[in-house]
Amino acid sequence: MSVVSGKNILLGVTAGIAAYKTAYLVRLFIKAGAHIKVVMTPASKDFVTPLTLSTLSKNPVHSTFYTKEDENELWNNHVDLALWADYFVIAPATANTLSKMANGTCDNLLLATYLSAKCKVYFAPAMDLDMYKHSSTLDNLKKLESYGNVMIPAESGELASGLHGEGRMAEPENILSFIEKEILSGLPLKGKKILITAGPTHEAIDPVRFIGNHSSGKMGFELAKEAANLGAEVILVSGPSNENVNHAFIERVDVISADQMYKAVHQHYKVCDIAILSAAVADFKPSNIASNKIKKKSAVLAIELTQTKDILASLGKEKKHQFLVGFALETNNELENAKGKLHRKNLDLIVLNSLNDEGAGFKKTTNKVTIIDAEDNCTEFKMKSKTAVAKDIFNEILKRYHA
Ligand code: CTP
């Protein structure tokens, strides 16, 4: 799967002959899992129809500041379009549009959207070879790059004029792979391996019963997604959970019991750079698993329990280069207990969630955490979605993790 999967990509089409290739570019982005909207300059509609691009992108295509619908005139909000985008890709970008972008001219919807964009902007120049080499074009390209825009260089080949040389818009496949590589190279966890545990464990009593807990696995899955979005290769060791994940950078390893989780984690720990143990591992397991279903022969049944191995503590003992993060779920003396765990288990960070906080903990989509580092610095966060909490946790890790 591609790094653009799940991302919102706004494609800006300007009036170059290469505009006909944008139909294929939209398909490539869609195939890569991105959401696409298209904004066109009015003149570009002579080269490719809005109907083609709206059909392929599954979204309306806009090229003017307002659209007439029946008796109404609807404003096409360029600010909304720009804010929707995770990435703005202007392809083909003609000499005319590049010049206007470089100078802040704003005489069409595409340019207004560009000026409103806060996201990364890529542009793929397309023009004849002499235009591409012209000093004013070169100045504009330099200027645009100095503003933080990223150029997808034109390629060499046959041009619409019949001449041969540099100036052809990069082929759609090359535009996609350029953007993927560029996004990846800027990600802070690129090349890092991250091990994450999630969910509960189930400890068998007999063939049909187990001891478990209410953990849904959501927090761990959100951490895995965030790690992958930051460019890491993720091993997600999950106990039984209904959560789903589909990301090229996440390898999911399903386990059931604490013993299985211990084994799976130790298989990957040596080569990982960061380990985050968010699983709610059972602290006890039945000393013996009955081979047949236990019958209700007596009014009282006592099951002897034995402690499971503490996976986090075992990683703390073996720790070499790894940055180790644990979780603590507490009901009383929260800070003190969490700090105790942090030092006892040789952690670099601990994420404390208190069951006393409404909206935090098991089966919730929100969480309220305090993050404590090895120097006992505490950072308290507000109640947030678990997706946002995962981002906070990685921000705190990135402030302290130095490869
Ligand atoms: N943990 C683990 N293996 C276990 C138990 C816990 O790896 N057998 C990890 C959890 O994934 C979590 C951390 O230890 O990151 C803290 O879990 P918690 O249950 O809060 O604490 P315990 O260390 O088990 O201590 P106690 O139950 O006494 O509070």
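Mentor: A polar backbone atom of Ala279 lies 2.7 Å from an oxygen atom of the ligand. This distance, like every other value here, comes from a predicted model. Leu277 also takes part through its backbone, with an N or O atom 2.6 Å from a ligand oxygen. Thr308, by contrast, uses its side chain: an N or O atom there is 3.3 Å from a nitrogen atom of the ligand. On its own the ligand would expose 570 Å², and 77% of that area is buried by the protein. There are 16 residues around the ligand, and those that come nearest are Leu277, Ala279, Phe327, Lys341 and Lys345.

Asn346 belongs to the loop that joins α12 (334-344) to β20 (349-354). Most residues other than glycine have a negative phi, and most peptide bonds are trans. Pro92 is placed in strand β6, which covers residues 87-93.

Helix α1 (residues 22-31) and helix α2 (residues 50-57) have axes that come within 9 Å and cross at roughly 10°. The two are therefore roughly parallel to each other. From α1, the residues Thr22, Ala23, Val26, Arg27 and Ile30 meet Thr52, Leu53, Leu56 and Ser57 of α2. Sorted by class, this contact comprises five nonpolar, three polar and one charged residues.

How values were computed
Residues are numbered from 1 along each chain as its sequence is written. This is a predicted model: local features need pLDDT of at least 70, side-chain atom pairs count only at pLDDT 80 or more; totals for chains, interfaces and linings use all residues. Side-chain values use heavy atoms; hydrogens and water are left out. Axes are lines fitted to C-alpha atoms, for helices over the stretch in contact, and angles run from 0 to 180 degrees between N-to-C directions. Helices (H or I, at least four residues) and strands (E, at least two) are DSSP runs, numbered from the N terminus. Angles under 35 degrees count as roughly parallel, over 145 as roughly antiparallel, 65 to 115 as roughly perpendicular and the rest as oblique. Contact means heavy atoms within 4.5 Å. Ala, Val, Leu, Ile, Met, Phe, Trp, Tyr, Cys and Pro count as nonpolar, Asp, Glu, Lys and Arg as charged, and the others, Gly among them, as polar. A residue is near a molecule or strand if one of its heavy atoms lies within 4 Å of it. A polar contact is a pair of N or O atoms within 3.5 Å; within protein, one must be able to donate a hydrogen and the other to accept it, and residues adjacent in sequence count only if both atoms are side-chain atoms. Accessible areas come from the Shrake-Rupley method with a 1.4 Å probe; for residues, only the protein chains shown count as cover.
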